[in-house]
Amino acid sequence: MSLYPSETVDRALKVTLASCRAKKERGEKISCLTAYDYPFARLFDEAGVDILLVGDSWGMASAGLENTLAVTMEEMLIAARAVRRGARRALVVADMPFGSYHVGAAPAVENAIRLVKEAGAEAVKLEGGESRAAVIASIVGAEVPVMAHIGLTPQSVHRQSGYHVQGVTQAAADQLLRDADAVQAAGAFSVVLEGVPRELAAAITRRLAIPAIGIGAGPECDGQVLVMHDLLGLSFRPQPKFVRAYAELAQQVRGAAEAFRMEVEGGTFPADGESYHLPKAASVTLPAAR
Ligand code: KIV
């Protein structure tokens, strides 16, 4: 029951940590999409998507970077602010970029607080399992909810020698189980499982009380996340097999831009109806046309 009855209707619909946990307990799936700006955040929110993740995938999807390592706090803050403005119902989670939580608990907590205080994020996400448990506990201890991220962790692209499915040996599978236990024990409210064999992801999902959100981790996870450019057919890289494109916007965007260019070149845009005219009563004298 809300303390603030006037907010009851809206707040009842608002996605929160508690409602995500309740969804898992009821066996209902959680939907999560990345978003990096106001219009897409607003559209995904209106579509009823539960979680908007301001991913550092922004660096690759929107800024054309080779990997996510160069993404900065300032860039995440700008993106997260815009997404926050577009979201009414969805939970907004902002990624902590590489370097923002790796050099000690104190700067990690400071950066997590910046994402909440300066951008309005409701939670942060960071990559790593057992080795990041202490940092997760510190951030949670500062009242900032944490979504963990284990398995294929793109910020570890060099250590993991590229983007490969993780947990495919006994030792690696055991480590992933320990990572899942460690992030839950540290207080994470959910965990992203990326690039994990379906069977192992299913075992982790069953084992955890917190929701496990999969990407390339099979259908048994408590929810699924996709990068919005992959969902919409706006990606230029070859797509991994876990991606399903629900639209082909690249073709539509190229088509619209080409039609615009041709109409500008042909002089048919803008038409008279798309132009302003001097008011009849205006007494403006113009030079004669040559
Ligand atoms: O940065 C991101 O978008 C992510 C998701 C792919 C989980 O980490």
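Helices (H or I, at least four residues) and strands (E, at least two) are DSSP runs, numbered from the N terminus.

1. Basis of the note. The model is predicted; local features need pLDDT of at least 70, side-chain atom pairs count only at pLDDT 80 or more, and totals for chains, interfaces and linings use all residues. Residues are numbered from 1 along each chain as its sequence is written, and side-chain values use heavy atoms, with hydrogens and water left out.

2. Glu143. This residue lies in the loop that runs between helix 7 (133-141) and strand 5 (146-151). Glu143 is not a glycine, and its phi is positive, near 75 degrees. Most residues other than glycine have a negative phi, and most peptide bonds are trans.

3. The cis peptide. Phe269 and Pro270 are joined by a cis peptide bond with omega of about -5 degrees. Pro270 is placed in the segment after helix 11 (249-266).

4. Surroundings of the ligand. Around the ligand are Thr34, Leu53, Gly55, Asp56, Ser57, Asp95, Lys125, His149, Val192, Ile215 and Val227; a residue is listed if one of its heavy atoms lies within 4 Å of the ligand.

5. The side chain of Asp56 has an N or O atom 3.0 Å from an oxygen atom of the ligand. For the side chain of Asp95, the distance from such an atom to a ligand oxygen is 3.0 Å. The side chain of Lys125 places an N or O atom 2.8 Å from an oxygen atom of the ligand.

6. Helix 3 against helix 5. Helix 3 (residues 38-46) packs on helix 5 (residues 73-86) at an angle of about 40 degrees, and their axes are 7 Å apart. Axes are lines fitted to C-alpha atoms, for helices over the stretch in contact, and angles run from 0 to 180 degrees between N-to-C directions. Helix 3 and helix 5 are therefore oblique to each other; angles under 35 degrees count as roughly parallel, over 145 as roughly antiparallel, 65 to 115 as roughly perpendicular and the rest as oblique. Tyr38, Ala41, Arg42 and Asp45 of helix 3 make the contact with Ala82, Val83, Arg85 and Gly86 of helix 5, where contact means heavy atoms within 4.5 Å. These residues comprise four nonpolar, one polar and three charged; Ala, Val, Leu, Ile, Met, Phe, Trp, Tyr, Cys and Pro count as nonpolar, Asp, Glu, Lys and Arg as charged, and the others, Gly among them, as polar.

7. Helix 5 against helix 6. The angle between helix 5 and helix 6 (residues 105-117) is about 25 degrees, with the axes 9 Å apart. Helix 5 is therefore roughly parallel to helix 6. Met73, Glu74, Met76 and Leu77 of helix 5 form the contact with Asn111, Arg114 and Leu115 of helix 6. This contact has four nonpolar, one polar and two charged residues.

8. Helix 6 against helix 7. These helices pack at an angle of about 45 degrees, with axes 9 Å apart. Helix 6 is therefore oblique to helix 7. Ala105, Ala108, Val109 and Ala112 of helix 6 meet Val135, Ser138 and Ile139 of helix 7. The contact of helix 6 with helix 7 has six nonpolar residues, one polar and no charged.

Technical notes:
A polar contact is a pair of N or O atoms within 3.5 Å; within protein, one must be able to donate a hydrogen and the other to accept it, and residues adjacent in sequence count only if both atoms are side-chain atoms.
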